[in-house]
Amino acid sequence: MQKLRYHEPGTAPATLIVPPEQVGQKPVIKLIEYDAHSIEEREAQNVEDVFECLDNKKVSWIDVSGLGDVEVLRKLGRHFRVHPLALEDVLTIGQRPKVDEYDDQLFILLQMAYNDETGRLVFEQVSLLLGKEYVITFQEIPGDDVFDPVRKRLREGCGNARFMRSDYLAYALIDAVTDHFFPIVESLGEAIEEMQETVFDQPAPEKLRDVHELRKALFLLRRSVWPTRDILARLWRDETGLITDRTKPFIRDCYDNAIYVIDLLESYRDAVRNIMDLYLSSVSIRTNEVMRVLTLIACIFSPLTFVVGIYGMNFERMPELHWKYGYIAVWLVMIAITVVMLVYFKRKKWL
Amino acid sequence: MQKLRYHEPGTAPATLIVPPEQVGQKPVIKLIEYDAHSIEEREAQNVEDVFECLDNKKVSWIDVSGLGDVEVLRKLGRHFRVHPLALEDVLTIGQRPKVDEYDDQLFILLQMAYNDETGRLVFEQVSLLLGKEYVITFQEIPGDDVFDPVRKRLREGCGNARFMRSDYLAYALIDAVTDHFFPIVESLGEAIEEMQETVFDQPAPEKLRDVHELRKALFLLRRSVWPTRDILARLWRDETGLITDRTKPFIRDCYDNAIYVIDLLESYRDAVRNIMDLYLSSVSIRTNEVMRVLTLIACIFSPLTFVVGIYGMNFERMPELHWKYGYIAVWLVMIAITVVMLVYFKRKKWL
Amino acid sequence: MQKLRYHEPGTAPATLIVPPEQVGQKPVIKLIEYDAHSIEEREAQNVEDVFECLDNKKVSWIDVSGLGDVEVLRKLGRHFRVHPLALEDVLTIGQRPKVDEYDDQLFILLQMAYNDETGRLVFEQVSLLLGKEYVITFQEIPGDDVFDPVRKRLREGCGNARFMRSDYLAYALIDAVTDHFFPIVESLGEAIEEMQETVFDQPAPEKLRDVHELRKALFLLRRSVWPTRDILARLWRDETGLITDRTKPFIRDCYDNAIYVIDLLESYRDAVRNIMDLYLSSVSIRTNEVMRVLTLIACIFSPLTFVVGIYGMNFERMPELHWKYGYIAVWLVMIAITVVMLVYFKRKKWL
Amino acid sequence: MQKLRYHEPGTAPATLIVPPEQVGQKPVIKLIEYDAHSIEEREAQNVEDVFECLDNKKVSWIDVSGLGDVEVLRKLGRHFRVHPLALEDVLTIGQRPKVDEYDDQLFILLQMAYNDETGRLVFEQVSLLLGKEYVITFQEIPGDDVFDPVRKRLREGCGNARFMRSDYLAYALIDAVTDHFFPIVESLGEAIEEMQETVFDQPAPEKLRDVHELRKALFLLRRSVWPTRDILARLWRDETGLITDRTKPFIRDCYDNAIYVIDLLESYRDAVRNIMDLYLSSVSIRTNEVMRVLTLIACIFSPLTFVVGIYGMNFERMPELHWKYGYIAVWLVMIAITVVMLVYFKRKKWL
Amino acid sequence: MQKLRYHEPGTAPATLIVPPEQVGQKPVIKLIEYDAHSIEEREAQNVEDVFECLDNKKVSWIDVSGLGDVEVLRKLGRHFRVHPLALEDVLTIGQRPKVDEYDDQLFILLQMAYNDETGRLVFEQVSLLLGKEYVITFQEIPGDDVFDPVRKRLREGCGNARFMRSDYLAYALIDAVTDHFFPIVESLGEAIEEMQETVFDQPAPEKLRDVHELRKALFLLRRSVWPTRDILARLWRDETGLITDRTKPFIRDCYDNAIYVIDLLESYRDAVRNIMDLYLSSVSIRTNEVMRVLTLIACIFSPLTFVVGIYGMNFERMPELHWKYGYIAVWLVMIAITVVMLVYFKRKKWL
């Protein structure tokens, strides 16, 4: 379960508060400006260094990595006329993916999923502000840069990357984020595959725990992928004019990927539910089996023990005790009882 | 389960009846008038004292705390031309959150959730009447004032609060109410977290009771949050003109919060269902385990007891009793039986 | 389960057949004509007596109580130009609530729910024909008059009742019918409350039966309330012009009530499902508990009985029998076994 | 489960193949022509005999009973310009009810449900082609004529039947088919009623089998009624002009019937699910009960048997054996054990 | 579970990568050109050989079987102006069926289902590019040609095949693919039928495994059929003008087939769920039965064994042992106990 983050009830809207674990950390600001012919890359020391990027015809991409400095956001916000609520969203970690339309900007908030070193599923919030000629990205965690492949493609100028405008760049960045769903879905699929193999083995609570963990991971992932799909659908049908028709098929492709992931997650959910059902069913079949053995034993030995008990009594007058073949007769009786019981069980198909 | 409140079948519509527990309690009426430059605050002794507020260009906010006096409502209603059905709604405690459009007013009814001193989830009904230049609020419970933070922000003139008109005030008030969902959702999340830890422990009905309580709380909360979301969606897409475009992004933000809370509640519901499932599964696995031990014991000792029973019989002619190594032979037979049984159980993986 | 009523397959449509239990019973016909200034009330001997009511400007309300006379309906139908299918609907008891639009009439069919003397949930079909200047109502069961409170309000001229036209009258009548859902929902809520208290008690099939009865009642009620909601939604958005804008807020209010009832029913359904789940869970926990006791007893006494069985054997040479402390040694062995078992159970947390 | 019928993969569309069980059977062709004044009825030997029916102003109804002759269909198809896919649909038994729009025809395919002599639920496919002045019907099974009541009403000229045109005839025929759902739903309802009575009796697998059969019947019926409802909804909102406004209220009435049947089926489904739940619950309650008895017996007799075992031992020195009141003391001990056990069980509420 | 295929996160969009198992395999390219009068068929050695087909008025169908050569796709793509994302889709095996609109082309991707030699359900991806005068098809697996029946119909000129244009050809090809669902659905239906017969037999985990396999197959099939239905619905309502009105009824027919298959799959899903339920229920009924036998035995023999134990005690003074009829009295007591127990069980209906 993720930590719930919220402002104190009564806090004024659009209050900017740095996430507690990042307080004091200086964000890394990178600027890329490019058009079809040239590309320029720079790491800015101060946020003001990137402000002139609006003055040329190139596409500008400002990447802010780390959310530790409210001032940077405020200045960026003022210069690029970002709505204060969008800035607040950038800082509020753990939100639901969404796209918000502002006057001439689209604000897109995503959750990137990945497995951390311990194999646990974690999320990193990535926000994206798409304007006419620029894209501003905000990454929650400084250091580990999810956008590197895009940067590389831009530098090498391969594919469409450099010929197209800021909307295609935004697409490429979104695509880079959503691509991370695939390896996770794959690892979940393998875990399920494995569980299906062992589901009929001896019941043990640890298995339940594993299924439970899987279920939680699936749930978290779903909560992130579903709204991502909605975002992509909305971008595809964009009517603000910020997304050009040339970019839309690519967004549709990304949307198809999201649908595919959702489809797989649904099938995994079904599979996990089935595993749980199978597991419980196999528990009750095993209980039934154990009960049958117990009953068999009880049915055979209860009468026998009773019989031998009878002749262990110390009555003075028990004629059978003095018969010549008494002992053998008792044995015969007991064998007969056993045979009858076994036949009965055979009939009932309990054997 | 909340108490159901309704008028006797056949009662005329729009009949104003004070909630029984508030009969005779005088409501507290507060008036705030403000514009960008000034703010004036007053506690009114009589409801008529606030009527002149309509005569200036300032935004007026009339807050009625406590529902004990029908006359106050009637007079307010007449002066501000409130529809009688809206007044009736104000007085009928425990309603579903809703927004009703009247000629040039929006009537908004909310349920504020909070944990009372004993930790139980309770609701307070808060109604809100938004007109062109005024907002009238009605709080169910006098004394404890949920709107204090808004009052404070108005006084201090921080943020947008004073620059904007009555619709933004309405937003701020709604936001103050809906913000209260977060701490409750958080405490529910923690309770669930805790339950997940103890779910594989020894089964006990008390745990079921806890899960049941949690489930009820989730359900009550859902019933309150879902309609709140609908209200916010409708305000966002408002077409009466009472909500200005400048306020709408803030309402969308509030709507996003509601969606987020709903999302969390759904995930908690799923988690509680899983806990219940896990708990029951662990009960049947434990039963299976107990059964295996029982069967093991029965399978080993039934034949042994039978054997020793045989040689406890008092037949005159039982040759074995007189054999030299009879006693030892019996021991060997019994050890053999035990070994066979253990091997059988090992094979069946019951051991 | 309600009795299913239908015409023989192949019957011509719009065939009027009196419900079998009412054959020969003469319906009671009451006429009220009113406007803002005056009201006139009359019980008609023959249906023709009410026909002149169309000739004045007053609102006329004709109430037919009892469905025993096809001729009455036919004549009414001819005079007021009622569609034959509407007349057929009036006579076919047990239908789904619905609203049908005819040329200049709205035909509304409702099911009024109430508990009969034995506490069982029963339904009475009430139909309503709304024309420009008149309302005709048909009640299934003569005698017990659900519309009395409306009649009283009309007579006393209190509220809006007399100032408004036939559509408001129709609303008031519908409201009188739907108000009857509340006391029933309340009694169901109390029954559920009570069940939740006793759910962890000793399992017994009678409890299941109670839950089952409750479930059935909830289901029947739902089947009646849901379509009522749809009717109200449709009347609210009426485009025939038969419902005036002044009446619509009242209908919306009634609609809100229906939503509220539905909301409660859903929460009760959920609660009943939970009770069922809890009950079954508590059964399996109890079974587990019983099993643990059984196994404990078996594990302790099986070895003990075996031990005492050994020294009950009659072998000639059993050295232990002649030892001085043999008997005490056996006791010590048996105490040791018991202690070991108890420790084992303690470890397994079965004790 | 119904037999699945399909053409070999790769077969050309609109291939006409006679259902195997009807090969070689000559269909019966009946023609009725009528207007408000006259009616003419005829059984045609050759399909060509009915072709002239288009030349007059009367409404023509051609009924083809039996699907054994492809030539008849081909000729009809050519003369009345029926789309080849519609003809293929007529011949493909077991399809989902549907309505297809062709240029100036509506093709309606229905499944009529009835119980065969053995009480099993079976379906007969009935197709209907509605043109401007004619209706052509195709019945799967020759002989048993579902349309007889309509024929009779036409002959007798009762009701609206003869005054109205082909669309009303089509309605009357559809109504005749859908009316057959009612008796079946009634018999299912009675079966459920009966099951609810016996659900708390001794568990037996046969009961499960009955519930299972009922479930299957409900499912099959649903699969037939739901699309029928859709057909009626579509006819009601018809925009081809083939259905006149005068006929539409009748279709709506038929639609209401379908809704009513669906409503009942849903409630039955719910009831069957409840019965299943109750049955399983009562099984586990009974198991719990049996377990309690078993445990009670074991708890009382295990210690007693142990005690008597002790004094059956043959140690030389067992002082108790020689005590004067030893025997009586043992009895007292055993009575004490029994009492303690009973009190314990009483406390645990297992008695 | 199918293998998940995806590109490395960060890969540029529209990157063409040959599926690993096909690397180096040369695809087979077949060209058919036809109009109503003539048909020409050719196997092309180089992809360039088919390029002239655009120059005449005939309908051209290019079939590429096997995906081993990226160059072929690139050249085709350039000549026919295929969007790079469509080409990427052709190569990415295992995708969700979909239809994408490009400027003057429709790209349709399908999954053909069939059972392989071992009876396992497998899928083959088939893509289809529909242009004004041409259709290009891509089959995943070279060799086994699913389109042979269509080819044959074209050659023979039977039906509509040759008179109609490329859209009808596309329909025929889609129909050829979707027809393969029927035999699989049929085999699944038979497997379910069989399972229903054996569900009340002795419980065994293998049966669970079979149900599980079936469930998986149903799930995979659903995932393929549902989007196929959506594709057909979209083609039916096509607004690009690529699908003519004459072809649309055929597509609707194909759509009806898809609906029918979905309908069956849903009913199978329901049936499988029922089988699972029944199976588990029969397990618990059997456990209950076994328990009853066990309890019966325990209840009868525990007291008896106790009684005989008493008289096996070696107390010096046990008066009963010396009574003349002591032994017979004990027998009578034991018979009495047995009778009482049996009567008790009879009463409880456990016998």
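Me: Hi! Which residues make the nonpolar surface patch of about 590 Å²?

Reply: Hi! In this predicted model, A:Tyr325, A:Ile328, A:Leu332, A:Ile335, A:Val339 and A:Val343 make that patch. Patch members have over 30% relative accessible area and no salt bridge; nonpolar side chains (Val, Leu, Ile, Met, Phe, Trp, Tyr) are joined within 5 Å, like charges within 9 Å. Accessible areas come from the Shrake-Rupley method with a 1.4 Å probe, and for residues only the protein chains shown count as cover.

Me: Before we go on, what are the ground rules for numbering and confidence?

Reply: Residues are numbered from 1 along each chain as its sequence is written, while chains are lettered from A and ligands numbered from 1 in the order in which they are written. As this is a predicted model, local features need pLDDT of at least 70 and side-chain atom pairs count only at pLDDT 80 or more, whereas totals for chains, interfaces and linings use all residues, and side-chain values use heavy atoms, with hydrogens and water left out.

Me: Great. Where is A:Ile335, and how accessible is it?

Reply: A:Ile335 is in helix 9 of chain A, residues 326-347. A:Ile335 counts as partly exposed, at 47% relative accessibility. The classes are buried under 20% relative accessible area, exposed over 50%, and partly exposed in between (1.4 Å probe, protein chains only). Helices (H or I, at least four residues) and strands (E, at least two) are DSSP runs, numbered from the N terminus.

Me: Which residues gather in a patch of negative charge?

Reply: On the surface, A:Glu190, A:Glu193, A:Glu194 and A:Glu197 gather in such a patch. Asp and Glu count as negative and Lys and Arg as positive, with His and the chain ends not counted. The place of a charge is taken as NZ of Lys, CZ of Arg, CG of Asp or CD of Glu.

Me: Is A:Glu197 buried or exposed?

Reply: A:Glu197 is exposed, because its relative accessibility is 59%. A:Glu197 sits in helix 5 of chain A, residues 181-198.

Me: On to pairs. How many salt bridges are there over all chains?

Reply: The search of the whole structure finds 110. A salt bridge here is a side-chain nitrogen of Lys or Arg within 4 Å of a carboxyl oxygen of Asp or Glu.

Me: What does B:Arg155 form a salt bridge with?

Reply: The partner is B:Glu41, and the closest N and O atoms are 2.8 Å apart. B:Arg155 lies in helix 3 (residues 148-156) of chain B and B:Glu41 in strand 2 (residues 39-44) of chain B, so the pair ties together parts 114 residues apart in sequence. Both count as partly exposed: B:Arg155 at 42% relative accessibility and B:Glu41 at 40%.

Me: And what about B:Glu266?

Reply: B:Glu266 forms a salt bridge with B:Arg222, with 3.0 Å between the closest N and O atoms. This pair ties together parts that are 44 residues apart in sequence, because B:Glu266 lies in helix 7 (residues 248-310) of chain B and B:Arg222 in helix 6 (residues 205-236) of chain B. B:Glu266 is partly exposed at 24% relative accessibility, while B:Arg222 is buried at 18%.

Me: What about E:Arg42?

Reply: E:Arg42 forms a salt bridge with E:Glu33, the closest N and O atoms being 3.7 Å apart. E:Arg42 counts as partly exposed at 31% relative accessibility, and E:Glu33 is buried, with a relative accessible area of 5%.

Me: Which residues are linked in a network of salt bridges?

Reply: A:Asp89, A:Lys98 and A:Asp100 are linked with B:Arg252 and B:Asp256 in such a network.

Me: Switching to backbone: what is phi of E:Arg81?

Reply: Phi is near 55°, a positive value in a residue other than glycine. E:Arg81 is in the loop between helix 1 (70-80) and helix 2 (84-91) of chain E, and counts as exposed at 72% relative accessibility.
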